Amino acid sequence: MASDKIVILVTGASSGIGLESVVALARESQDFDILLGSRSTEKGKKMLEDICHSHASSLKGTISVLQIDITDQKSILDAKEKVETKFGKLDVLINNAGIAVTRQTDTLTNLRETFETNVFGQAVVTEAFESLLKKSSNPRLIYISSGQGSITNRLDPTHKAYKTRGDYYRMSKTALNMLAACHKFNFAEWGCKVCAFNPGFCVTNLTGEAGRAMRIQHGARDPRDAADALVKVVTGKRDADIAKSGMVDVDGGMLPW
Ligand SMILES: NC(=O)c1ccc[n+]([C@@H]2O[C@H](COP(=O)([O-])OP(=O)(O)OC[C@H]3O[C@@H](n4cnc5c(N)ncnc54)[C@H](OP(=O)(O)O)[C@@H]3O)[C@@H](O)[C@H]2O)c1
C-alpha cells in the first residue's frame, strides 16, 4: 500500500542547495515526506539533527535520512529498495548531488570524475527510481543543472559568466540538460513532469572552502533562494515553465539550453 503523503527524495542533501531544499520543503507542507539523501549516513544524521534544532517550530513535513551515493550502484539500488518498502512509490525525485573538481588533474581524470557524478550518477539514479515514480499520481523529476551548462550563454560576450572557464563542469551540465530533455520526451507518456533547474550562483561548498569565500566576495546568493524556487517547482507553481524548452530559472522564466 503506497503512502498517502507526497514522497520527495533530494540527493546530495547533506550540504548547500540540497540541504536548504529539504528544510524549505519541510516548512512548506505537512503532506511532504522528505528523504534527505546523503552519501554519508553520519553526515546526513548530523544535518537532520541540526535542522530539527534550528527549525523545530516551523517544520511541518517529516524528514528522514536515506543513504545514497550516486556513483555507487549498490547504494542506489539499496536506497530504491528502502523507499519501495517504506513508501511504495516516489512522487518527486530531485537529482541535486553534484561536484566541481577543483584540484589540479589531467583532462581525462577531471572529465571522468565530473561526468561520473554530474551525468552518469543522475542517469542511473533516475533509472533505478523510475518504477517508483510511475506509481505516483503526479510524478516529477527535477535535475539541478546550471547556467554554466547553457551553450547559448557560453558564446554570448555580454553574459556575466563569459570569462568564467570551468570547461568540464560546463560540459557535464550541458550533458545533464540533454538527459533532462530526453527524459522529458521519454516520460511524457506516463505523465511525469521533467525539468532542468538552474539554482543560480550560490554560497555553498561546491568549490570548497576557498570557493565559498570567493562566492561570498562575488555576491553569490543564499542557497535558500534556490530552495524556495525549487519548492515552487515541486508544488506546481512553475508548471507553465516546465512545459517550455530550456532550464527553469531560479529568478523566474527560462534559461536557454
Ligand atoms: N552553488 C552554485 O553556485 C551552483 C550553481 C549552479 C548549479 N549548482 C548545482 O547545485 C547542486 C548542489 O550543489 P551545491 O552548490 O549545493 O554544492 P555542495 O554544497 O557541495 O553540495 C553538493 C552535495 O552533493 C553531494 N554529493 C557529491 N557527490 C555525491 C555522490 N557521489 N553521491 C551523493 N551525493 C554526492 C555532496 O555530499 P557531501 O556533503 O558528502 O560532499 C553535497 O551534499 C550541484 O548539482 C551543483 O552542480 C550549484
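This report walks through a predicted model, from its ligand site to its helices and loops.

**The ligand site**

Start with the ligand. A shell of 30 residues lies around the ligand. Ser 14, Ser 15, Lys 43, Tyr 169 and Thr 204 come nearest. By class, the shell has 12 nonpolar, 13 polar and five charged residues. Two helices each supply at least two residues of this shell: helix 1, residues 16–28, and helix 6, residues 167–186.

Polar atoms of the protein also come up to the ligand. Ser 15 places a polar side-chain atom 2.6 Å from an oxygen atom of the ligand. Ile 70 uses its backbone: a polar atom there is 2.9 Å from a nitrogen atom of the ligand. Leu 206 has a polar backbone atom too, 3.2 Å from an oxygen atom of the ligand. On its own, the ligand has 890 Å² of accessible area, and the protein covers 93% of that.

**Aromatic pairs**

The structure holds two aromatic pairs. One of them joins Phe 187 and Trp 190. What describes such a pair of aromatic rings? The distance of the centres and the angle of the planes do. For Phe 187 and Trp 190, the centres are 5.0 Å apart and the planes make an angle of 40°. This pair is tilted. Tilted pairs fall between stacked, under 30 degrees, and edge-to-face, over 60. Phe 187 is buried, and Trp 190 is buried as well.

**Helix 8**

Helix 8 runs over residues 223–234.

At the start of helix 8, Asp 222 makes a side-chain contact: one of its side-chain oxygens comes within 2.8 Å of the backbone nitrogen of Arg 224. Just after the helix, Gly 236 takes a positive phi of about 90°.

Ala 24 sits in helix 1. Its relative accessibility is 11%, so Ala 24 counts as buried. Ala 24 and Ala 226 are 202 residues apart along the chain, yet their C-alpha atoms are separated by 9.8 Å.

**Residues in the loops**

Thr 11 lies in the loop between strand 1, residues 6–10, and helix 1. Is Thr 11 buried or exposed? Its relative accessibility is 0%, so Thr 11 counts as buried. A polar atom of the Thr 11 side chain lies 3.0 Å from the backbone nitrogen of Ala 97.

Ser 58 belongs to the loop between helix 2, residues 41–55, and strand 3, residues 62–67. With a relative accessible area of 23%, Ser 58 is partly exposed. The cut-off for buried is under 20%.

Ala 100 is in the loop between strand 4, residues 92–95, and helix 4, residues 107–133. Its relative accessible area is 18%, so Ala 100 is buried.

Val 250 lies in the loop between strand 7, residues 247–249, and strand 8, residues 254–255. Val 250 is buried, with a relative accessible area of 10%.

**Sequence and space**

The table sets separation along the chain beside the C-alpha distance.

| Residue pair | Apart along the chain | C-alpha to C-alpha |
|---|---|---|
| Ala 24 and Ala 226 | 202 residues | 9.8 Å |
| Ser 58 and Arg 27 | 31 residues | 5.8 Å |
| Ala 100 and Lys 86 | 14 residues | 33 Å |
| Val 250 and Gly 166 | 84 residues | 21 Å |

Two rows make the contrast. Ala 100 and Lys 86 are 14 residues apart in sequence, but 33 Å apart in space. Ala 24 and Ala 226 are 202 residues apart along the chain, but separated by 9.8 Å.

Terms used:
Residues are numbered from 1 along each chain as its sequence is written. This is a predicted model: local features need pLDDT of at least 70, side-chain atom pairs count only at pLDDT 80 or more; totals for chains, interfaces and linings use all residues. Side-chain values use heavy atoms; hydrogens and water are left out. A residue is near a molecule or strand if one of its heavy atoms lies within 4 Å of it. A polar contact is a pair of N or O atoms within 3.5 Å; within protein, one must be able to donate a hydrogen and the other to accept it, and residues adjacent in sequence count only if both atoms are side-chain atoms. Accessible areas come from the Shrake-Rupley method with a 1.4 Å probe; for residues, only the protein chains shown count as cover. Helices (H or I, at least four residues) and strands (E, at least two) are DSSP runs, numbered from the N terminus. Ala, Val, Leu, Ile, Met, Phe, Trp, Tyr, Cys and Pro count as nonpolar, Asp, Glu, Lys and Arg as charged, and the others, Gly among them, as polar. Rings of Phe, Tyr and Trp (its six-membered ring) pair if their centres lie within 6.5 Å; planes under 30 degrees apart count as stacked, over 60 as edge-to-face and the rest as tilted. Buried means under 20% relative accessible area, exposed over 50%, partly exposed in between (1.4 Å probe, protein chains only). The expected span of a helix is 1.5 Å times one less than its number of residues.
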